[in-house]
Amino acid sequence: MKFLLPPIVLLAAACLVPAHAEVPLGTVAGSDVAFEGMFQVDGYWFDNDVLDLDARPDGRDRATGVRRFELALKGSGPGGLGWVLGYDVYNETYLDNNLTWSFGGDGAPKHTLLFGQSKQPNSLEELSSSRNNDFIAKAAATSTFATGRRLGASWGYDAEDHGATVSWFGRNLDDDAGGAGYGARGWWAPVREDGRVLHLGLSHVDRDTEADALRLRARPNADMAAVRMVDSGALADVDRLATTGVEAMWISGPLKLQGEYFLASADRIGNPGYDASGGYASALWTPGGGTWGYRGGLPRTSVADAGLWQFGLRYDQLDLDDGAVRGGRMEAWTVGVNWYWRNNTKLMLNYVDVASRRTDPATGARIDDDPSILEARVQLHW
């Protein structure tokens with residue numbers, strides 16, 4: 001009953017909140033100010049194999065609760081200026097907090113200078129909006145290798161059918177990320193028309209490590225799982241980490257095919273380098289004639305007043321084994337359905353089947369661990 005109450009309250013609120021993407025607050029000093037938010041409640045039911053994924057002794061094998069409660073103020077203007085102040089009040093973490101200046105456009109390439117905290121230019125899935133995720137959890141490779149929000153500066157170039165972003169970054173506002181580095185992402189859409197897009201992208205991020213330490217690990221595609229299925233262990237001699245990603249996406253009417261592959265190379269001090277890799281491929285189908293928009297090298301989900309259904313399938317894999325480092329390997333299949341009810345409410349249901357193997361560091365024995373998970377999410381956004 002405790003788990004049922006938050007979704008019921010959330011759905012009741014959805015009936016009262018106007019179905020808009022944002023709430024306009026007026027104009028202040030020439031800047032049009034708007035208020036945005038997103039609230040997510042998740043439930044995970046674990047069919048454990050070896051590891052106890054909820055790590056609780058009560059035998060319930062489930063995890064439920066609030067996943068995110070994000071609030072943001074955004075401003076546009078005057079001129080090409082823009083700003084955003086964002087905070088996740090549940091997780092107590094800072095979101096995008098930056099100032100931008102855009103110029104050009106109107107048939108010419110658009111340039112954008114950004115100062116502050118933002119997502120770094122890498123990974124199609126990481127850069128896409130969390131409110132329009134295709135699946136409840138991001139692919140394990142994205143969660144492991146993509147560099148998220150950092151403080152820094154960037155320059156973006158957008159010519160509609162191709163573009164690029166370069167950035168320099170340090171730590172983040174929460175002061176819990178790794179060292180400074182730089183990133184770059186370029187994308188090209190050789191096919192770009194209504195309901196039909198071919199997207200190709202390439203990214204590279206090179207960063208320092210904090211105190212020469214690195215640890216790569218991943219949950220079993222369940223954000224509230226208490227344990228990691230694969231884990232490189234703490235490497236205490238890593239000077240820098242360089243991650244290269246390739247991405248592709250094809251949109252044809254109600255069908256979207258998307259995939260990415262990452263290769264991360266750690267430069268170790270006094271030891272051979274360590275390489276880890278992973279990727280995913282997914283398909284999403286929207287019955288009823290819906291499709292996706294495309295802007296700035298990213299897909300854009302649009303929801304009509306009648307709502308929107310989506311059905312998805314994803315395969316992803318992660319390999320943290322290399323040489324003497326036996327971090328393990330993991331594969332997962334995810335089947336999912338999304339229902340956007342009105343313009344500001346989204347219900348999600350996923351089933352995840354995981355196959356993993358790792359080496360016990362104490363005995364050297366191989367451990368096969370193949371759990372499955374039923375996942376659900378209720379989301380309200382405005």
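A polar contact is a pair of N or O atoms within 3.5 Å; within protein, one of the two must be able to donate a hydrogen and the other to accept it. The model discussed here is predicted.

In this model the side chain of Arg 377 reaches the backbone oxygen of Ile 136 at 3.4 Å. Arg 377 lies in strand S22, which covers residues 372-381. Its relative accessible area is 2%, and since buried means under 20%, Arg 377 counts as buried. Leaving aside neighbours within four places in sequence, the residues in contact with Arg 377 include Gln 40, Val 41, Asp 42 and Tyr 44. Also among them are Arg 67, Arg 68, Asp 223 and Lys 346, as well as Ile 136 itself.

The chain as a whole has 3 helices and 22 strands. Further values for the protein chain are as follows.

| Property of the protein chain | Value |
|---|---|
| Span of the C-alpha trace along its principal axes | about 65 × 50 × 40 Å |
| Radius of gyration | 21 Å |
| Residues that count as buried | 46% of 382 residues |
| Contacts joining residues at least 24 apart, among those at least 6 apart in sequence | 61% |

A compact globule of 382 residues would have a radius of gyration near 21 Å, so the value for this chain agrees with that expectation.

The structure holds 1 cavity of 30 Å³ or more. The volume of the largest cavity is about 30 Å³. Asn 122, Phe 145, Ser 203, Val 205, Thr 243 and Phe 262 line this cavity. By class, the lining has 3 nonpolar and 3 polar residues, with no charged residues.

Conventions
Residues numbered from 1 in each chain as written. Predicted model: local features only at pLDDT ≥ 70, side-chain atom pairs only at ≥ 80, totals over all residues. Heavy atoms only, no water. 1 Å grid on protein atoms, 1.4 Å probe; cavity = no way out; pocket = protein on both sides within 12 Å on 5 of 7 lines; lining within 4 Å. Points joined across faces, edges and corners; volume = space filled by probe spheres on them. Nonpolar A, V, L, I, M, F, W, Y, C, P; charged D, E, K, R; others polar. Helix = DSSP H or I, 4+ residues; strand = E, 2+ residues; numbered from the N terminus. Buried < 20%, exposed > 50% of the residue type's maximum accessible area, 1.4 Å probe, protein only. Contact = heavy atoms within 4.5 Å. Rg over C-alpha atoms; globule rule 2.2 N^0.38 Å.
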